[in-house]
Amino acid sequence: MVISLTLLCVMAASAQMLRFGKCPKPPVQANFDSSRYVGKWYEIMKLPTQFQKGECGTATYSPKSPGVIGVLNRELLKDGSINFIVGSAKVKHPSEPAKLEVSFTDIPSPPGPYWVLSSDYETHSLVYGCSDFGLFRLEFAWILSREPTMSEETLQSMQSILSAAGVNPEKMVATNQDETYCAPMNQ
């Protein structure tokens, strides 16, 4: 696969986690149950991307049909407006229900990987996605919580899983979930 220098520059500018090498294949959540996963999750940390520029990020998942979850991602922008995007996550293969592919209504691109590496469904979730582009890979990762905060112990546990998968958690940035700052998201 030949990738133009222009495309690589665009990808590098839009996601800071463009790296040399193929995507790792970390283990995913065993016996993943999407019916327990649905609901609202707060973004605690993420690998930085161009398409997520705000704070107070949330992801709300809803059941659509067997193997399909509705997706609503929201964030508060610096100007006080709320940015959102709607999509769906589909199980790629029934034998691996924690490996989903996400597509968004307003983005004309192929579905992207959304792998649930760890979730207890009630407090935390660790999500990883990676796409190969020739000699490079483009990585995404999110640490999510059912509450706007997460214990340091749980956060370190999620970061350890990423490290074991070959993803540098030090590249992740914290998402502001301050109650006062994020108040517009609850209106």
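I looked up F136 and found this residue buried, with a relative accessible area of 16%; buried means under 20% relative accessible area, exposed over 50%, and partly exposed in between, with a 1.4 Å probe and protein chains only. The model is a predicted one, in which local features need pLDDT of at least 70, side-chain atom pairs count only at pLDDT 80 or more, and totals for chains, interfaces and linings use all residues. I note that residues are numbered from 1 along each chain as its sequence is written, and that side-chain values use heavy atoms, with hydrogens and water left out.

I turned next to aromatic pairs, in which ring centres of Phe, Tyr and Trp (its six-membered ring) lie within 6.5 Å; planes under 30 degrees apart count as stacked, over 60 as edge-to-face and the rest as tilted. I recorded seven such pairs by this rule. F20 belongs to strand 1 (residues 18-20) and F136 to strand 9, so the pair ties together parts 116 residues apart in sequence. Strands (E, at least two residues) are DSSP runs, numbered from the N terminus. F20 counts as exposed, at 64% relative accessibility.

I then examined Y61 and Y114, an edge-to-face pair with 6.0 Å centre to centre and 70° between the planes. Y61 is in strand 3 and Y114 in strand 7, so parts 53 residues apart in sequence are tied together by this pair. Y61 is buried at a relative accessible area of 7%, and Y114 is buried at 9%.

For Y61 I listed the contacts (heavy atoms within 4.5 Å). Leaving aside residues up to four places away in sequence, Y61 touches Y37, V38, G39, W41, I69, G70, V71, Y114 and L144.

I also looked up the nonpolar cores, which are sets of buried Ala, Val, Leu, Ile, Met, Phe, Trp, Tyr and Cys residues joined through side-chain atoms within 4.5 Å. The largest has 21 residues, and F32, Y37, Y61, L100, Y114, V116 and L144 have the most contacts inside it. Strand 3 (55-65), strand 4 (68-76), strand 6 (99-104), strand 7 (112-119) and strand 9 (136-145) each supply at least two residues of this core. Strand 9 gives the largest share, five residues. Another core, of 17 residues, lies apart from it and includes C23, I44, M150 and M172.

Conventions. Helices (H or I, at least four residues) and strands (E, at least two) are DSSP runs, numbered from the N terminus.
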